Amino acid sequence: MKSLWSDADAESFVARYAPAGVNRDLAQRVYTTRLLGGDPRLVLHGGGNTSCKTTVTDLLGESVEVLCVKGSGWDMGDIEPAGLPAVRLAPLLKLRRLETLSDEDMVDFQRGNLLASSSPNPSVETLLHAFLPHKFIDHTHSTAVLSLTDQPDGDAICREVFGAKMGYVPYIMPGFALAKAAAEVYEQDPTVDGLILFKHGIFTFADTARDAYELMIGKVTLAEQRLEKGRKTLVAAAGLPKAPAALAEVAPRLRGMLALDQGDGAFKRWVMDFRTSDAILAYVNGAEVARYSQQGVVTPDHTIRTKNWPVVLPAPEAGQLDEWTAAAQAAIDSFVARYHAYFARNNQRSAIRKTELDPMPRVALVPGLGLFGIGASASAAAIAADIAVNTVESVTDAEAIGSFQPVAEDHLFDLEYWSLEQAKLGKGGEKPLARQIVVVTGGGSGIGAATARAFAREGAEVAVLDLDPEAARAVARACGGKAIGLGCDVTDAASVRAAFDAVAERFGGVDVVVSNAGAAWQGAVGTVGDEVLRRSFELNFFAHQSVAQNAVRVMTAQGTGGALLFNASKQAVNPGRNFGPYGLPKAATLFLMKQYALDHGKDGIRSNAVNADRIRSGLLTGEMIASRSKARGLTEKDYMAGNLLGREVGADDVADAFVWLARASKVSACTVTVDGGNIEASLR
Ligand code: ZN
């Protein structure tokens, strides 16, 4: 591992933050924290922390010695000075007199000594940083160091590699007790460069930001060099299928099996994030994957994101998916049974009774394919997948020089069921459409774009499909989060199939489909050319059928129901003069909606439509609006608001109706009219 330190970059951080009153120490602390946080081999998703001890001036103009230490909720890779809140150092040091200190009291005391009351909570490892005397302290969960320490004889290997220049701290859960133990180890030999925390990570420290950082790089390099010696490779399992089943077929089945049935047609679903590579395949295809993957996490704080072990599924073979589904279900059932037993066993010995978390895996290993991260959102699934990929590297290296053995189960339980984590349960409720995957066709503009954004606001994971891939991607960016944009010609069956496959591969499946793409053709029905009528039927009827069929295919593979939503039109019930080429296929699509409700209600799939009329950003072009208002002798404004309420209706109003229908769990075969009131187009 190479040092990325640059004097010029360090100075540019000092210059950048100086106008905001950030001193040199803290600016350089931000710089090297980012250097460490930018490398996933050192730090992942909120793991690791850094600090510096410095002097600041308070409101009264008095100098105060403070510890600026990483705050919770900040990632080291993009940290700002605000992510390293200042805590008064003197009171922290006095805590060392205490025999014991609960985590709750520790957090409270740390908060009480913040210089700025609005700061985030200082790290739970704050006291460890405080009790060591050095100005700059760096802490990472280095993959290479963990590969050495997570061994049956990891202590001996670490002592051999790092020698007397490091102190060695036995595994203790982060908090007051670990802080005291680490300080005692340091004080036995104050000449050490840092500390190895067995089965947890590594600290380095120095008087300058550069020295602390470069000590970290140096120690990690020693670990990497040791891992290069005498390596053995993972042996592949025999009998893996020659032709693995397609990811797009496997993912929805797995997603359905993981969903928790809440009764009354409701499911607690998961979003998935698939990863594969040569290294991942060597790991999941290994003959001993059932051993090395089930030992536990490489460093305890991963357990909060991934649970202690992944579920190992059978290898899916093309054309044999029903057999695979049965075997995969059995693997998930035994994972769940093992999780319940683990909880019961450890809860019994714990002083305070804990609330059991859901028993579903957060990582699934699939021989022949790769691995899935699983989470309540695409972001959570990505974090689980990132950690799983990092685990593959760390465990593969550990197995290369010995055998992987992390901290014991009872310690992992203490982390997973930490009182500070348990206190968060039930707080911060999810958005109404969280965990749902929504596809919107014709999503690149108008009603489709408004609908995609509305679903994203409700917490859904959104896939925007449009003939114009650039427009689809632009709307996806506006949706934020992990939304994706894909090019799709809904009149081409292969293109629709490819788009649904891509969504299943990206997120794991599909729950809601808004079949919105359409266009208006005009012509008097007695004279209009067949060609016009057929083109309109391709887009305004057959495309809806193609989209809905693909949706039903994925939804029935999941077995957790779903919602089909069609953009019908006022034309479907109240034809406009010379609008036959548009109204006829739309009328058929309204009937199509009813047929899906009838045929697939048994699968828990609801089918509904929105009838919108006179929407400026809908199908009406500026030209159409101008000519129609002129024909009626109205201003454009009066024409657009020509409904019972006398108010213009917008794309966002239509989007709200789609969102409502997606949430209305007992509504099917229903058409919601969004047109400001039009008695001729009203339904019974
Ligand atoms: Zn740590």
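Where is G428 found? Select G428: the residue sits in the loop between α17 (419-422) and β14 (437-440). Helices here are DSSP runs of H or I with at least four residues, strands are runs of E with at least two, and both are numbered from the N terminus.

**Before moving on**

This is a predicted model, in which local features need pLDDT of at least 70, side-chain atom pairs count only at pLDDT 80 or more, and totals for chains, interfaces and linings use all residues. Residues are numbered from 1 along each chain as its sequence is written, and side-chain values use heavy atoms, with hydrogens and water left out.

The cut-offs are under 20% relative accessible area for buried, over 50% for exposed and partly exposed in between, with a 1.4 Å probe and protein chains only. C52 and G428 are 376 residues apart in sequence, and their C-alpha atoms are 32 Å apart in space.

Next, select R435. R435 also lies in the loop between α17 and β14. At 9% relative accessibility, R435 counts as buried. Check its backbone: R435 is not a glycine, yet its phi is positive, about 75 degrees. Most residues other than glycine have a negative phi.

Jump to R614 for another such case. R614 has a positive phi of about 55 degrees and is not a glycine. Look for R614 in the loop between β19 (605-612) and α23 (622-631).

**Zoom out**

Show the whole protein. The C-alpha trace spans about 100 × 70 × 50 Å along its principal axes. The protein has 25 helices and 20 strands. Of its 684 residues, 56% are buried. Take the contacts (heavy atoms within 4.5 Å) with a separation of 6 or more: 72% of them join residues 24 or more positions apart.

**The largest nonpolar core**

Select L148, F162 and I196. These residues have the most contacts inside the largest nonpolar core, which has 46 residues. A nonpolar core is a set of buried Ala, Val, Leu, Ile, Met, Phe, Trp, Tyr and Cys residues joined through side-chain atoms within 4.5 Å. Colour the elements that give two or more residues to this core: α1 (7-17), α2 (24-37), β2 (63-69), α6 (143-149), α7 (154-162), β5 (166-169), β7 (201-206) and α9 (209-227). Helix α9 gives the most, with eight residues.

Centre on L148. Beyond four places in sequence, L148 touches G154, I157, C158, V161, F162, A223, R226, L227 and I401.

**Helix α2 against α9**

Axes are lines fitted to C-alpha atoms, for helices over the stretch in contact, and angles run from 0 to 180 degrees between N-to-C directions. Angles under 35 degrees count as roughly parallel, over 145 as roughly antiparallel, 65 to 115 as roughly perpendicular and the rest as oblique. Show side chains: Q28, T32, L35 and L36 of α2 meet A209, Y213 and M216 of α9. This contact has five nonpolar, two polar and no charged residues. Here Ala, Val, Leu, Ile, Met, Phe, Trp, Tyr, Cys and Pro count as nonpolar, Asp, Glu, Lys and Arg as charged, and the others, Gly among them, as polar.

**Y186 in α8**

Select Y186, in helix α8 (residues 176-188). At 10% relative accessibility, Y186 counts as buried. Leaving aside neighbours within four places in sequence, Y186 contacts L132, P133, H134, V192, L195 and F205.

**Helix α14 across α16**

Move to α14 (residues 321-349) and α16 (residues 409-416). Their axes come within 10 Å and cross at roughly 85 degrees. That makes α14 roughly perpendicular to α16. From α14, the contact uses Y339, Y342, F343, R345, N346, N347 and R349; from α16, E409, D410, L412, F413, D414 and E416. By class, the residues divide into five nonpolar, two polar and six charged.

**Last stop: α21 and α22**

Select α21 (residues 530-558) and α22 (residues 580-600). Their axes come within 8 Å and cross at roughly 20 degrees. The two helices are therefore roughly parallel to each other. Their contact has 13 nonpolar, eight polar and one charged residues.
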